[in-house]
Each structure stands twice: as C-alpha cells, then as structure tokens.
Amino acid sequence: MNKKSVLSDLAILGGYPAFEESLHVGRPNIGNRKKFEERVDDILNRRWLTNAGFYVKEFERRLAELIGVKHCIAMCNATTALEITIRALDLKGEVIVPSFTFIATANALQWQEITPIFCDIDPKTHNIDPRKVEQMITPRTTGIVGVHVWGRPCDINALAEIARRHKLKLIFDAAHAFGCSYGGSMLGSFGNAEIFSFHATKFLNTLEGGAVATNDDSLAVKLRLMKNFGFTEFDKTDYIGVNGKMNEISAAMGLTNLESLNDFVDINYRNYRQYREELSDIEGVNCMGYDEKERCNYQYIILEIDASQTILTRDQLIKLLHAENILARRYFYPGCHRMEPYKSYFPHAGLMLSETGKLTDRVLCLPTGTGVNEAQINSVCQILRFVIENNDAISSKMNTCKESRLG
Ligand SMILES: Cc1ncc(COP(=O)(O)O)c(C=O)c1O
C-alpha cells in the first residue's frame with residue numbers, strides 16, 4: 001500500500017496502484033475451516049449429499065431459532081426462493097416493488113409474467129416509500145415486495161398497514177438483512193414471508209444459498225413441496241414445483257459460518273466505525289449510518305457522493321479507486337427500471353422514480369468484511385481524502401482526457 005502525496009502518485013495519473021491485490025466488495029466471510037472440512041468429510045461418509053439431509057435440517061433449525069420464526073426453508077439461492085414464495089402466495093397481475101434493488105427482485109416477478117410496478121424510495125432510508133406505494137395500487141395489484149436495502153429494515157409497520165387495508169400479500173426481500181432487527185425483533189418474522197440470500201458475497205454465506213422464513217404453517221408446507229418439484233411422496237405431486245433445494249455442503253458451510261456470526265458482525269462494526277470516523281469531515285461524502293439500537297450486520301459501507309461539493313462525480317471517484325485496485329461498486333446502478341427488459345416495457349417509469357434516479361448516481365459502496373483490515377481501510381480513506389482535496393486539478397485532467405482512459 002503506498003501513500004499518495006502528489007498527483008502523479010495516483011495510479012490513474014501514472015503512479016503505482018495503492019494495492020497490489022484488488023480489494024473487493026463482498027469478499028466471502030469464512031468461518032472455522034477445520035470444522036467445515038470435518039462436516040464435509042461426514043457428508044461424504046454418510047453418502048447423503050442433498051434432499052433434506054441432516055445438515056440442511058440442522059441449518060434450518062438453527063436459522064429458525066436465531067430469527068425466532070416458526071419455519072425456515074433453506075433453498076439453493078434467494079432468487080429461486082423469491083420465485084417460489086411469489087408462486088406459493090399466488091401473486092398475479094401487478095406487484096409493487098422498488099426499482100432500487102438488485103435485478104433479481106424484479107426478475108422473480110417478471111419471470112412469472114407478473115408485472116413489477118416500480119415504486120420510488122425514501123431518500124433517507126433508501127427503502128421503498130410507503131406513501132408512494134399507496135399511489136401505485138390498482139385493481140390488478142396483488143402484493144408488495146419490500147427490500148431491506150443494506151440490511152436497514154423497510155418501514156414495515158406502514159407497509160403492513162397498507163397491505164392489510166388493501167388485502168395485499170406482503171413479502172420482504174431480506175437478501176441483505178440476515179442478523180438484523182426491526183423494533184427489537186429479528187427480520188424474518190414479518191409480512192407473509194421474508195427471503196434471505198446466503199450467496200458468497202453476503203454476510204453469512206453457504207457458497208450459494210437462500211432461505212424463506214415464515215410463521216405461516218400452510219405456506220411453509222407449500223414452500224417445502226414446491227422447492228422439491230411438488231412431491232408429497234414418492235411418485236405423487238400436489239403442486240407444480242421446481243428444484244430449489246439446498247445441498248448438504250452448502251448447509252455445512254452455513255452452519256460453520258453461523259458459529260462465527262458474532263465475529264463477522266464485530267469485524268464489520270469495527271470497519272464501519274473506522275470508515276465513519278476517517279471520512280466524517282470530507283465535504284460531500286456522507287458515510288451512511290446504521291441504527292445502533294437495532295441488531296445490524298453492518299455488511300455494507302455506503303457512501304453518498306454529493307458531486308456539487310466533491311466536484312469529482314461518483315463515477316470519476318469509482319474510476320480513480322479502481323485504478324488503485326480498490327474495486328468500489330455503484331449498487332444498484334442504474335436501477336431496475338433502466339435495465340432490460342424493464343427499460344423497454346416501461347420507458348417512462350423514471351418519471352415516478354426521481355429519488356431512485358438521484359440515488360443511483362450518488363451511491364458508492366466500499367470494501368469491508370473479514371477480508372479487509374484497518375491499514376487497508378486507512379489507505380482507502382486517505383486516497384479518497386487526497387483526491388477530494390485535489391478535486392479541481394484532478395477533475396480538469398479527467399475532463400480534458402475524456403477520450404483517454406482517464407475520462
Ligand atoms: C436485494 C437482493 N435480492 C436478491 C438477491 C439474489 O440473491 P441470490 O444471489 O442468492 O439469488 C440479491 C443478491 O445479491 C440481492 O442483493
């Protein structure tokens with residue numbers, strides 16, 4: 001890691017990159033390897049690799065206990081889990097969903113020919129704005145999918161009240177939110193169901209994986225059947241189903257990582273505090289906060305860049321950081337409504353999504369997690385400070401070199 005003192009130290013201006021090895025957002029957290037290897041050996045000895053095996057059952061039991069919910073159904077990933085939940089709840093017609101989310105949330109609806117109606121967000125929380133949800137309801141609306149973006153809960157009470165009044169189903173894409181709470185209760189116990197992702201980049205990973213949490217007994221039965229082709233017994237199906245099963249090795253990884261969950265949170269929290277502290281006085285850079293009265297996993301370090309103050313735009317900052325091998329991301333740019341097929345289906349959706357449009361141009365996500373240490377964070381912050389202190393000079397160099405790799 002080398003310090004930047006003069007402009008020519010910046011990699012984009014010919015200097016050496018700050019990091020020899022790239023610093024990623026979402027490098028996997030990995031618990032005790034020995035424990036994982038022992039479990040894998042046991043799985044191989046049992047010769048039971050999937051189909052409601054010992055480890056999947058144990059993982060589901062531990063998840064349900066930790067969340068405080070009646071049922072937790074492990075699946076192969078959160079996208080499939082969303083699709084199955086949407087089908088099991090019989091959603092049809094139109095479903096209201098934020099555009100400020102990962103494309104999988106919208107795709108899970110459109111894949112089943114349900115129209116995602118993109119709703120704007122509250123710029124303070126980055127989550128779907130309940131006041132705007134009301135305005136999007138039509139006679140064709142059957143449900144609302146809230147997304148707990150960055151693990152910060154939606155305004156669940158307001159959404160639940162709207163769903164109750166209009167007799168709509170309510171589910172939450174909680175892909176970011178494992179280990180987080182709302183009003184002191186763990187996420188996973190709200191709405192008709194909540195869906196977690198355990199993808200490798202998520203705070204708790206099972207390599208690939210996901211789970212649906214619900215307190216609804218009959219929904220749980222349906223979900224279990226649907227993720228296993230609809231089979232109720234050998235040679236008998238009750239519903240149409242798919243293959244959404246989690247395998248035993250993934251569950252072993254999940255169980256192993258669960259044992260280190262508190263360590264992961266502690267490290268994320270320490271990183272978060274350091275970023276907040278080191279970036280606190282840079283004008284135009286706001287490091288998003290978490291509500292520390294709630295349980296949080298602190299898995300995302302989100303900066304909001306106000307280019308009227310930083311002069312350098314969010315995208316210019318990303319370019320500068322990438323040149324240093326700091327692979328910052330611009331989640332969820334450009335917003336689902338500006339990606340295909342939605343862009344063609346709803347060319348005017350942006351008119352109702354002004355806050356989403358603004359936010360997708362401001363967010364910059366920085367590396368954190370167990371793969372990132374104090375010195376690396378210090379270096380990332382030092383570079384950000386250095387480039388913003390020298391914004392005029394860097395901006396004019398970048399703007400005059402629009403044709404070159406600098407622009
Ligand atoms: C908000 C959101 N929803 C859904 C998903 C899909 O999760 P998976 O990769 O487990 O299918 C992701 C994954 O990044 C996500 O961020």
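This is a predicted model: local features need pLDDT of at least 70, side-chain atom pairs count only at pLDDT 80 or more; totals for chains, interfaces and linings use all residues.
User: Where is Glu324 found?

Analyst: In the loop between α11 (314–323) and β15.

User: Is Glu324 buried or exposed?

Analyst: Buried. Its relative accessibility is 1%, and the cut-off for buried is under 20%.

User: Switching to rings. How many aromatic pairs does a search of the whole structure find?

Analyst: The search finds 20. One of them is Phe118 with Tyr342, an edge-to-face pair. Their centres are 5.5 Å apart, with 85 degrees between the planes.

User: Which parts of the chain does that pair link?

Analyst: Distant ones. Phe118 is in strand β4 (residues 115–119) and Tyr342 is in helix α12 (residues 342–345).

User: Phe118: buried or exposed?

Analyst: Phe118 is buried, at 5% relative accessible area. Tyr342 is buried too, at 0% relative accessibility.

User: And Trp150 with Phe332: why is the pair stacked?

Analyst: Because the planes of Trp150 and Phe332 are at 0 degrees, with the ring centres 5.4 Å apart. Stacked needs planes under 30 degrees apart.

User: Where do Trp150 and Phe332 sit in the chain?

Analyst: Both are in loops. Trp150 is between β5 (141–147) and α6 (156–166), and Phe332 is between β15 (326–327) and α12. They are 182 residues apart, so this pair also links distant parts of the chain.

User: What is the relative accessibility of Trp150?

Analyst: 0%, which counts as buried. Phe332 is at 9%, also buried.

User: Which residues do ring pairs link into a cluster?

Analyst: Phe100, Trp150, Tyr300, Tyr331 and Phe332.

User: What about charges: which ring does the charged end of Arg330 sit over?

Analyst: The ring of Tyr333, at 4.0 Å from its centre. Arg46 lies over the face of Phe54, 4.3 Å from the ring centre.

User: Now helix α9. How many residues has it, and what does it reach from first C-alpha to last?

Analyst: Helix α9 covers residues 261–279, which is 19 residues. It reaches 27 Å, close to the 27 Å expected at 1.5 Å a residue.

User: Which residues of α9 are buried?

Analyst: Leu261, Phe264, Val265, Asn268, Asn271, Tyr272, Gln274, Tyr275 and Leu279.

User: Why would residues three or four places apart point the same way?

Analyst: Because an α-helix has 3.6 residues a turn.

User: What do the buried residues of α9 pack against?

Analyst: Helices α2 (54–67), α8 (248–259) and α14 (374–389), plus strands β13 (285–287), β14 (301–305) and β16 (363–366).

User: Zooming out. How many helices and strands has the protein?

Analyst: It has 15 helices and 16 strands.

User: What is the radius of gyration, against a compact globule?

Analyst: The protein has 22 Å, which agrees with the value near 22 Å for a compact globule of 407 residues. The C-alpha trace spans about 70 × 55 × 40 Å along its principal axes.

User: What share of the residues count as buried?

Analyst: 54% of the 407. The protein exposes about 18200 Å², and carbon and sulfur atoms supply 50% of that.

User: And of contacts between residues at least 6 apart in sequence, what share join residues at least 24 apart?

Analyst: 69% of them.

Methods:
Residues are numbered from 1 along each chain as its sequence is written. Side-chain values use heavy atoms; hydrogens and water are left out. Rings of Phe, Tyr and Trp (its six-membered ring) pair if their centres lie within 6.5 Å; planes under 30 degrees apart count as stacked, over 60 as edge-to-face and the rest as tilted. Helices (H or I, at least four residues) and strands (E, at least two) are DSSP runs, numbered from the N terminus. Buried means under 20% relative accessible area, exposed over 50%, partly exposed in between (1.4 Å probe, protein chains only). A charge sits over a ring if NZ of Lys or CZ of Arg is within 6 Å of the ring centre and within 35 degrees of the ring normal. The radius of gyration is taken over C-alpha atoms; the globule rule is 2.2 Å times the number of residues to the power 0.38. Contact means heavy atoms within 4.5 Å. Accessible areas come from the Shrake-Rupley method with a 1.4 Å probe; for residues, only the protein chains shown count as cover. The expected span of a helix is 1.5 Å times one less than its number of residues.
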